[in-house]
Amino acid sequence: MKRREFSVSTATAVAASALTLPLSSMHAQAQARAFKEGKDYIKLKKPAATDAPAGKVEVIEFFWYSCPHCNAFEPTFEAWAKAAPANMVIRRVPVAFNATFVPQQKLYFALEAMNLLPKLHTTVFRAVHVERKALNKDEAIFEWIGQQGVDVAKFKEAYNSFNTANLLRKAGQLQEAYQVEGVPSMGVGGKYYTDGTMAGNMQSVLQVVEYLATLKA
């Protein structure tokens with residue numbers, strides 16, 4: 001979903017197509033094919049900050065819970081992340097193209113702080129896209145969280161914490177550094193950015209990411 005395409009109800013075509021190849025075949029194709037800078041990906045003029053340890057490449061998925069393309073891509077991304085090459089450190093970063101996105105960013109970071117992402121990350125997508133819950137305002141989020149059996153008081157503490165505020169700031173810096181124009185999209189090693197528009201589809205995006213992770217500085 002591009003920066004200006006905020007209406008979930010009008011999005012009928014899913015650009016983030018599911019993988020049609022086995023992951024092993026995709027890894028082989030990524031190794032065999034050379035992708036082109038300026039076509040399949042861009043190289044950042046100024047490197048972005050990265051938290052990856054020495055010898056590892058940080059890979060970021062930029063996403064938004066209310067984006068239908070991100071929802072469609074999530075199962076594919078999750079399966080790929082579990083089988084990704086060992087030199088990658090993979091994480092998600094929720095974006096904010098305007099202030100209305102911030103509650104869902106805080107939702108993600110609060111779940112992360114409470115170690116609830118494994119249990120509830122995909123449940124959030126289902127709530128938004130299948131159950132049609134907006135989950136875009138604080139009180140709606142708190143009500144939904146309570147329905148999931150989570151201690152609401154503890155969640156509110158994490159949601160409104162200094163740590164979450166700091167993570168929001170860092171997410172904004174990464175979004176700007178990678179020049180994110182739409183979601184889902186990927187940042188690699190603090191140096192490269194790609195998305196479905198450039199690579200053609202999300203299957204190719206993951207192949208591009210694996211290729212970029214092999215490039216030397």
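Student: What is the strand order in the open sheet of 5 strands?

Tutor: Keep in mind that this is a predicted model, where local features need pLDDT of at least 70, side-chain atom pairs count only at pLDDT 80 or more, and totals for chains, interfaces and linings use all residues. Residues are numbered from 1 along each chain as its sequence is written, and side-chain values use heavy atoms, leaving out hydrogens and water. Strands here are DSSP E runs of at least two residues, and helices are H or I runs of at least four, numbered from the N terminus; two strands pair if DSSP finds at least two bridges between them. With mixed pairing, the order is β1-β5-β4-β2-β3.

Student: Which are the edge strands?

Tutor: Look for strands that pair on one side only. Those are β1 (42-43) and β3 (88-94).

Student: How many bridges join β2 to β3?

Tutor: Strand β2 covers residues 57-63 and runs parallel to β3. Within this pairing, Glu61 has Arg92 as its bridge partner, and Phe62 stands opposite Val93. The number of bridges joining β2 to β3 is 7.

Student: Which strands does helix α2 touch?

Tutor: Helix α2 (residues 68-83) packs on the sheet, and its direction makes about 160° with that of β3; the axes are lines fitted to C-alpha atoms, for helices over the stretch in contact, with angles from 0 to 180 degrees between N-to-C directions. Contact here means heavy atoms within 4.5 Å. The strands touched are β2, β3 and β4 (185-188).

Student: Is Thr194 buried or exposed?

Tutor: Thr194 sits in strand β5 (residues 192-195), and its contacts beyond four places in sequence include Tyr41, Met186 and Val208. Its side chain also reaches the backbone oxygen of Asp40 at 2.7 Å. Buried means under 20% relative accessible area, exposed over 50%, and partly exposed in between, using a 1.4 Å probe and protein chains only. Thr194 has a relative accessible area of 0%, so the word is buried.

Note on methods. Polar contact = N/O pair within 3.5 Å; in protein donor to acceptor, adjacent residues only side chain to side chain.
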